[in-house]
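Dear colleague,

Please find below the sequence and structure that I am handing over to you. My notes on what was found follow directly after them.

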Amino acid sequence: MSIRKRLILSNIAMILIPVISLFLIEIVIGYILFVAFQGNMDEVNVNSFMQIRFTAIGGVLILTNGLLTYYVSKSIIQPISKLSTAARRISTGDLEYSVKSDKKDELGELSNNFENMRLQLKEAEKAQEAYEKNRQELIAQISHDLKTPLTSIKGYVQGIQDGVANTPEKLEHYTETIYQTANDMNELIDELFLYSKLDLQQEKLQFEEVDLYAFFVDFIEEMSFFLEKKNGKANLSAEKAENYIVHADREKIRRVVLNIIQNSMKYMKEEPQKIQVSLENSENEVVVEIKDNGSGIDEADIPFIFNNFYRTDASRNSETGGSGLGLSIVKKIIQAHGGTVWAKSQLHKGSSIYFTLKKAV
Ligand code: ADP
C-alpha cells in the first residue's frame, strides 16, 4: 500500500475508531444506567459514571492515536533509517549492507533502487580490481619482455668491448645479433603502442566501404611471393556473385589479416603450407575464416589465445614465438568494428581463426 493511502486510512481510522468507541461506550453506560440501576441513580453515581465515560473516551483516543502513529511512523522511519545506515556505510567504502525490500510502497521502491545502485557499485569495484590486477600484470610482462632483449644487447656490447669478438666474422655476428634484437624490440614497442591505443580507445578508425572479395584477392596476391618461398599457397573461397562489402577501416583489417596469417606461417612446419580464406554472408555480417594446416592449438589453450601476452608452451619453447600480442590486437580491432572473433583448432591438423564484420548498408 502506498504511503499516501496509508496516511489517508490512518487519518480516517483516527476519526472513526474514537467515534465508534464513543457510541459503544455510550451504549454500555446507557445499558448499565437503565438495566442495572433501572434509571435510579443518585448524583454521586452519575458523577462517577461521567468520570468513567470521559476517562474511557480519553483512553480510546490516546490508544488509537498512539497505536496508529506508531504503526505508520514505524513503516516510514524504519526503511529510512536503514537507507541512512546503508548510505553511511557506502560512503566509508563498505558495500555489503543490503537494503533489499519486499514492500510495494514508495520507500520499498526507493530501497530497491538503492540496492541496485549498491550492487552496481560492487560490480564496478570488482571490475576495477580486475583492471588494476591486469594493469600490474601488464607492467610486469612489458618490463620482462623489454628487459630480456636489452640484457642480451648489453651482453653482446660488453663482449665487443672486452675484445671477445676478436675476428671480423665474430664481430659481424655480434653486431648482426644486436641489430636483430634491437629490431625485435622496436617491433614489440610498436605492437605495445598500438595495443595500448586500442585498449584506451584512442586509435581512431577510418571507416569506409571495403569489398572483402577484392581485398583478399589483392592480399593473397601480395602474400603469394612469401608463401611460395616456403612452398606454400593461399586460396580464397567465396561466391563471386555475392556482395561482401563491409563497413571497416581498411588498414586495420589489413593488420588483422596480417597478424592471423603471420601466425599461420609461424606455426606451420608441414609442407606444403596451405592457407584457405573463406567468406560467408550471414544476415548483416560477413564471416571470414582463415584456415591453416599448421601445428594446431591445444584445446585447453583456445579460450586464452586472444588474451594479451598469452603464448602457448609450443610458442614459448620455439624460436618463432612472438610477443603474445598479435591475436589480442586482432580482437581489439574486430571489437572496435562491432564484430566478434573466435578460433577452432585441432592439434597437429590446423587452426581456423574466424571474425565477423558488419555489412555496409
Ligand atoms: P604470438 O606473438 O605468440 O604469436 P599471438 O597473440 O599472435 O601471439 O598468438 C597467441 C598464441 O596462440 C601463440 O603463442 C600460439 O601459440 C597460438 N597460435 C595463434 N595462431 C596460431 C596458429 N595459426 N597455429 C598454431 N598456434 C597458434
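**An exposed glutamine and its helix**

Gln-120 is exposed, because its relative accessible area is 58% and the cut-off for exposed is over 50%. Please keep in mind throughout that this is a predicted model. Gln-120 belongs to helix α3. Between the C-alpha atoms of Gln-120 and Arg-311 there are 34 Å in space, and the two are 191 residues apart in sequence.

Helix α3 itself runs over residues 106–161. Its 56 residues, at 1.5 Å a residue, should span 82 Å, and the end C-alpha atoms are 81 Å apart, so the two values agree. Several residues of α3 are buried, among them Leu-107, Phe-114, Arg-118, Leu-138 and Ile-153. An α-helix has 3.6 residues a turn, so residues three or four places apart point the same way.

Both ends of α3 deserve a look. At the start, a side-chain oxygen of Asp-105 comes to within 3.3 Å of the backbone nitrogen of Leu-107. Just after the helix, Gly-163 has a positive phi of about 80°.

**The ligand and its surroundings**

Which residues are closest to the ligand? They are Asn-263, Tyr-267, Asp-292, Thr-312 and Leu-327, out of 20 residues that surround the ligand. An N or O atom in the side chain of Lys-266 is 3.0 Å from an oxygen atom of the ligand. For Tyr-267, a side-chain N or O atom is 2.8 Å from an oxygen atom of the ligand. In the case of Asp-292, the ligand atom is a nitrogen, and the distance to a side-chain N or O atom is 2.8 Å.

On its own the ligand has 520 Å² of accessible area, and the protein covers 97% of this. The largest share, 3 residues, comes from α6. Sorted by class, the shell holds 11 polar, 6 nonpolar and 3 charged residues.

**The loop between β5 and α7**

Asn-308 sits in the loop between β5 (285–292) and α7 (313–316). Is Asn-308 buried or exposed? Its relative accessibility is 19%, and buried means under 20%, so Asn-308 counts as buried. Its side chain makes a polar contact of 2.6 Å with the side chain of Tyr-195. Leaving aside residues up to four places away in sequence, Asn-308 touches Asn-134, Leu-138, Tyr-195, Gly-324, Leu-325 and Ser-328. Leu-138 was named above as one of the buried residues of α3.

Phe-309 is found in the loop between β5 and α7 as well. Phe-309 is buried, with a relative accessible area of 11%. Its phi is near 65°, which is a positive value in a residue other than glycine.

**Two further exposed residues**

Gln-201 also has a positive phi, of about 55°, although it is not a glycine. This residue lies in the loop between α4 (168–199) and β1 (208–211). At 70% relative accessibility, Gln-201 counts as exposed.

Glu-228 is part of helix α5 (residues 212–229). Glu-228 is exposed, with a relative accessible area of 57%. Its C-alpha atom is separated by 53 Å from that of Glu-125, which is 103 residues apart from Glu-228 along the chain.

With kind regards

Technical notes: Residues numbered from 1 in each chain as written. Heavy atoms only, no water. Near = heavy atom within 4 Å. Polar contact = N/O pair within 3.5 Å; in protein donor to acceptor, adjacent residues only side chain to side chain. Areas by Shrake-Rupley, 256 points an atom, 1.4 Å probe, with all protein chains shown as cover. Helix = DSSP H or I, 4+ residues; strand = E, 2+ residues; numbered from the N terminus. Nonpolar A, V, L, I, M, F, W, Y, C, P; charged D, E, K, R; others polar. Buried < 20%, exposed > 50% of the residue type's maximum accessible area, 1.4 Å probe, protein only. Contact = heavy atoms within 4.5 Å. Expected span 1.5 Å × (residues − 1).
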